[in-house]
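Here are some notes for a colleague who is opening this structure for the first time.

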Amino acid sequence: PDKEENKTAGVLEYDPDTGGKLELFDSIISVEGNPFEFESITRLFGEDKDGKFITLHNCDVRASNISGGGVNHVVYPEEIFVGAGLPELQFDKIKIQYPNLIQWLDESSITTNVEKDGDVAIPATSVDFSDPIIVELEKYTLEIKSKVSYGPGEQNSIQYDESAIIELTCNGGVQFREAREIIEHLQYYFALSIDRRIYPKKIEGIIEREETRKVEGQELELPDIRCDVYYTVPRFSEKAQQEDVKRPNFTSSDVSESDSICGWIDHSNEVEAFHELFFNIMYDPDMATKYQFLSLCMAIESYFGYHYPDEKHMEGSEWESLRNEIFEVIPGDAEASDRLEGLIGNIGNDYSLKDKLDVITEEHSEVISECFDRESTLEDIHNTRNDIAHGYGGDLPGSKTNKNKLIPLLFKTRIIVEICMYDVIGLSNEKILRIIEGKYDTSSFE
């Protein structure tokens, strides 16, 4: 930005999976032909062939050898802003559009009635917007509202299209990178609702302007600066943007919207691993069954660590006394003595996975007992996790590593994690059970 004379032409490409890539026709920095060298540039400005401004943010610039012995540079930006040259990237508002969000709102703004004019039936369509959902967060005000667009349809009719938009108003302006965390939490919230991975269809950054400019003797307000935003994760693949008409697992009418979303975002920040491990399975459906199962077990460990941080078998002083007594009777010359002392000293008073599962599922036993036998399932999860994690190859007694047995156990483990998530959202036990029974054939588990 501070070297306007240092410029060259190039080709900017955006791939949903790998992000942006700008291949320049000439050199702009000191990095030479070594492809392992790179230079970081905070911001690059440019224009496309139509004169539209483009800002590339957090760029790695690498050298690339070309035929004839020359060198050009390839830029890999973390974020791309199309439509504005942004020196500060401080947004006042960010608008996000997700597929299926209108179904989560559970209330259409479009109403069609049939009116009669004599013997002729005339359909009449009206648009009546309901009040937006307002959620107050620490740095943002979140507003969810419906949007209706229309255009020509068949046989001189008018085609209405309804969608929903999330608008983040940033209190005092915020860097887009900070807002990405909120966007991801919301993405997972709605993915849990519709039970499939989703990605934003569109993200727009807005900088509000209160300036005026005199044009032909009149003071005119300058329009807000708007730009489309792209980055590597989440991916904007065409398949992911397709609308799905499946009924959501839960809608806005099932929860107290503000409390539910605030609670979800707080929980996502505090128990990050629990959320990431579960949604990694949803967003990577090709992950091997064993790794899906292990991810869910790790998610359960994370959930327990946050909700029951002080849960131990014995009080501190009682445990220390018992531990010291055990250490005294371990033969010092035994090969396994250091190993035993390490295990007992580090985790001897901690709950096992089965113990943790027992505590967690006890709160939801009313729902779980309708789906499968709780006690035997906890035993199976514990033994199978140990078998896979420690490489016993299926030889550990009680494990279910055989694929025909592991898949039902995977679904049971997933149900336990999903119940915890639905509880965070604020759904009742009755609603949670209806969701589980609608998704899984629990009779096939036994």
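1. The protein has 13 helices and 15 strands; helices (H or I, at least four residues) and strands (E, at least two) are DSSP runs, numbered from the N terminus. This is a predicted model, in which local features need pLDDT of at least 70, side-chain atom pairs count only at pLDDT 80 or more, and totals for chains, interfaces and linings use all residues. Residues are numbered from 1 along each chain as its sequence is written, and side-chain values use heavy atoms, with hydrogens and water left out.

2. Of the 446 residues in the protein, 40% are buried (under 20% relative accessible area, 1.4 Å probe, protein chains only). Among contacts (heavy atoms within 4.5 Å) with a separation of 6 or more, 65% are between residues 24 or more positions apart.

3. Helix H9 (residues 353-362) has Leu353, Lys356, Leu357, Ile360 and Thr361 buried. They lie on the same side of H9, because they cover an arc of only 120° around the axis, taken from the directions from the helix axis to the C-beta atoms. The buried residues of H9 pack against helices H6 (289-307), H10 (365-368), H11 (374-389) and H12 (403-425).

4. H6 also packs with helix H5 (residues 272-283), at an angle of about 160° and with the axes 8 Å apart. H5 is therefore roughly antiparallel to H6 (angles over 145 degrees). The contact includes Phe274, Leu277 and Ile281 of H5 and Leu296, Met298 and Tyr303 of H6. Its residues divide into nine nonpolar, three polar and no charged (Ala, Val, Leu, Ile, Met, Phe, Trp, Tyr, Cys and Pro count as nonpolar, Asp, Glu, Lys and Arg as charged, and the others, Gly among them, as polar).

Methods: Buried < 20%, exposed > 50% of the residue type's maximum accessible area, 1.4 Å probe, protein only. Axes fitted to C-alpha atoms, helices over the stretch in contact; angles between N-to-C directions. Parallel < 35°, antiparallel > 145°, perpendicular 65-115°, else oblique.
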